[in-house]
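Have a look at the model first, then read on.

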Amino acid sequence: MSFRFLILALVAICLLSCQKTTIDPINNLNGGVISVIGHGGGGFQSPLNKEPENSLSSINKAIEIYNADGVEVDVQLSKDLNVILYHDDKLETSTNGNGFIYEYNLNELRQLKYDRDFYAKMLLDEHIITLETILKRFSQRNIKPQLHLDLRPWLFNDTIYNSTEFHNIYTDKIVETINKYNYQNFTYVASGDLELLIKLNQKNPHLKLMLETDNVNWAVEIINKNNWHGIVAHNDRITKSEITYAHSKNVRIALFDIKIQSDIVDAVNKHPDYILTDNIIKLHQILYN
Amino acid sequence: MFSSLISYTQNKEDKWLNFGVELNTSLSYSGISTGAQVNLLHKKHSLGVGAKITYQNSYFPYQNALGIVIDYKYFLITKPNIKAFVAINYNNTTYKLLSRDGNKSNIIHEYTYSNGILIKVFNNFWVGNSMGIGAYTEKYYDYSEAEYGSYLGYNVMFKAMMSYEF
């Protein structure tokens, strides 16, 4: 009786593990290749994805182990105007610090430890890093990983700067750091803020600028007018026909919020140019198996 | 989490060596795995050797990756209906990293020390769980640098098991 149960259990596990997926041949502006970009590095932290997003271990894992084409990271400015990689608005949601990134100098931020869950608290020793940290590493690699920057222009001390002043400093610092490592040809900068993208374009016209929006028709006109690179859109809020339309206007598409297998298959079948995913290995399996 | 362990036991005191089988499910660095192993039992010692497969419904990356398990247990308490043990576990997971640059295999080695208990359900059938800490090493091929690399990190393991001793 127990042996039968054992065999049934094993058969059930095997059947559940052997899901088949089908994808169409890719037709995009990237020569039929979808660039695989790790969201926050190796994917956002979860009970099964242990490294905190934007941490060095997560970014290294995405590039070195998972062989991703690039990573997407979130950039903020510290009090002493260093470009910091951090996703959340507040420090306490992912680290042992409190408050905002812009309230601390780099030296203080470096002391903070990621501690969102048990694993990070007890078994990892990951600290907040700067954009420069990964540019140093990326610029020395034979094949340069794509660097997708997600801007966070609303996070600044409004008792010191007004919005325009801050945006000037923010874009200056980002461009200065990228230029220092001559990485502009591999850097993609995404924001929903048009003024910010215009400033970036003025400061370094080689940056690949991506407008973050779900309104494709509106975005295609703006991107073509400004000679920007493409659109970053939520996978659930954009259709395949909208992507085909964007491609017909020479506008590239990056999709995000792609975690589980069904999301990945859905996104791949829309033929975007970039997929920002939390599951790099799964996306590779689906693309190249 | 689906967990299972079956063991057929036949506690014959006069036997120098007894056999058992075990099914287990664990959560550790390499993800959720299901394993089957054969245990050799001698007095308070148990040495198990078996295979495991990492399992996922959709999120965890190492789907269907196979590996081997070597598991040593020392029973601190052996009462008729309950056993408590400490265990040293080694397992590995080999997964093929598919990409347009190639499909070389990476391997994760996991080493854990754990504590656990087994409770007799009926006859020689036991169920139990264990928790442990340890380390992992992940050896990988870095395509863009064309070289091998490795990572070392801490590890935790939660395991549920069913066993039967012949």
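Predicted model: local features only at pLDDT ≥ 70, side-chain atom pairs only at ≥ 80, totals over all residues.

Residues are numbered from 1 along each chain as its sequence is written, with chains lettered from A and ligands numbered from 1 in the order in which they are written.

Let's start with the core. The largest nonpolar core has 77 residues, and A:Leu149, A:Val189, A:Met210, A:Ile231, A:Leu255 and A:Ile275 touch the most other members. (A nonpolar core is a set of buried Ala, Val, Leu, Ile, Met, Phe, Trp, Tyr and Cys residues joined through C-beta atoms within 7 Å.) Strand 9 of chain A gives the most to this core, with 5 residues. Helices here are DSSP runs of H or I with at least four residues, and strands are runs of E with at least two, numbered from the N terminus.

A:His148 sits in strand 5 (residues 146-151) of chain A. It counts as buried because it has 27 C-beta neighbours inside 10 Å; the cut-offs are 20 or more for buried, 12 or fewer for exposed, and partly exposed in between, with C-beta atoms placed from the backbone. A:His148 and A:Val189 are 41 residues apart in sequence, yet 5.8 Å apart in space, C-alpha to C-alpha.

The table lists contacts (C-beta atoms, placed from the backbone, within 7 Å), leaving out residues up to four places away in sequence.

| Residue | Contacts |
|---|---|
| A:His148 | A:Ile37, A:Gly70, A:Val71, A:Glu72, A:Tyr188, A:Ala190, A:Leu276 |
| A:Ile231 | A:Met210, A:Leu211, A:Thr213, A:Val216, A:Ala219, A:Ile223, A:Ala246, A:Val251, A:Ile253 |

Now for helix 10 (residues 261-268) of chain A, where A:Gln261, A:Asp263, A:Ile264, A:Ala267 and A:Val268 are buried. Seen down the axis, these fall within an arc of 160° (taken from the directions from the helix axis to the C-beta atoms), so they line one face of the helix. They pack against strand 9 (252-258), strand 10 (274-277) and helix 11 (280-288) of chain A. On the helix 10 side, A:Gln261, A:Ile264, A:Val265 and A:Val268 meet A:Lys282, A:Leu283, A:Ile286 and A:Leu287 in helix 11.

Chain B has 0 helices and 9 strands. Of its 166 residues, 43% count as buried.

Notes:
Contact = placed C-beta atoms within 7 Å.
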